[in-house]
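Subject: A structure to look at

Dear colleague,

Here is the structure that I promised to pass on to you.

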Amino acid sequence: MVLLLASAAAQAQVTDTGSYLQRMDSDGDGKVSVEEYVQWMLYAFDRMDRNGDGVLTRDELPGGKGSPITREQQRQTLTQRFHTQDANGDGYLSAKELAAPPR
């Protein structure tokens, strides 16, 4: 969900790609693994899931619109998005790949 991505970025208040990478890079190796990416991006899901049941229902989604989505479905979507953004296929996202428009 694009809204979840935007929400995660807004929550983090990151102003540039380097800062974004730094905040996502929990092990400090200068690149973002799929695990780090998914963990970071699920933050928005967890904040929106007010009752903590692992499902975003219509009343928890922005504007009260959309189909319910489980945390696992969102995790799978994020994993796919990560692999799409990983332009060089090395299994990590660089600052350049994070800044690139979605492919």
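Predicted model: local features only at pLDDT ≥ 70, side-chain atom pairs only at ≥ 80, totals over all residues.

Does Tyr-37 count as buried or exposed, and at what relative accessibility? Tyr-37 counts as buried, because its relative accessibility is 5%, where buried means under 20% relative accessible area, exposed means over 50%, and partly exposed lies in between (1.4 Å probe, protein chains only).

Residues are numbered from 1 along each chain as its sequence is written, and side-chain values use heavy atoms, with hydrogens and water left out.

The overall plan comes next. The chain has five helices and four strands, which are DSSP runs numbered from the N terminus (helices are H or I with at least four residues, strands are E with at least two). From the N terminus on, the order of the elements is α-α-β-α-β-β-α-β-α. Of the 103 residues of the chain, 34% count as buried.

In soluble globular proteins, nonpolar side chains tend to be buried together. Here, the largest nonpolar core has 19 residues, and those with the most contacts inside it are Met-24, Val-32, Tyr-37, Met-41 and Leu-98; such a core is a set of buried Ala, Val, Leu, Ile, Met, Phe, Trp, Tyr and Cys residues joined through side-chain atoms within 4.5 Å. Helix H2 (17-24), H3 and H4 each supply at least two residues of this core, and the largest share, eight residues, comes from H3.

Helix H4 deserves a paragraph of its own. At 1.5 Å a residue, its 15 residues should span 21 Å, and this agrees with its end C-alpha atoms, which are 21 Å apart; the expected span is 1.5 Å times one less than the number of residues. In H4, the residues Gln-74, Leu-78, Thr-79, Phe-82 and Gln-85 are buried. Seen down the axis of H4, its buried residues fall within an arc of 140°, so they line one face of the helix, the arc being that of the directions from the helix axis to the C-beta atoms.

Now to the charged side chains. The structure holds three salt bridges, each being a side-chain nitrogen of Lys or Arg within 4 Å of a carboxyl oxygen of Asp or Glu. One of them joins Asp-46 and Arg-71 at 2.7 Å, N to O, and this pair links distant parts of the chain, with Asp-46 in helix H3 (residues 34-48) and Arg-71 in helix H4 (residues 71-85), 25 residues apart. Asp-46 counts as partly exposed, at 37% relative accessibility, and Arg-71 is partly exposed too, at 34%. Glu-72 forms a salt bridge with Arg-75, with the closest N and O atoms 2.5 Å apart, and both lie in helix H4, three residues apart, about one turn of the helix. Arg-50 forms a salt bridge with Asp-59, the closest N and O atoms being 3.6 Å apart, and both of these residues are exposed.

With best wishes
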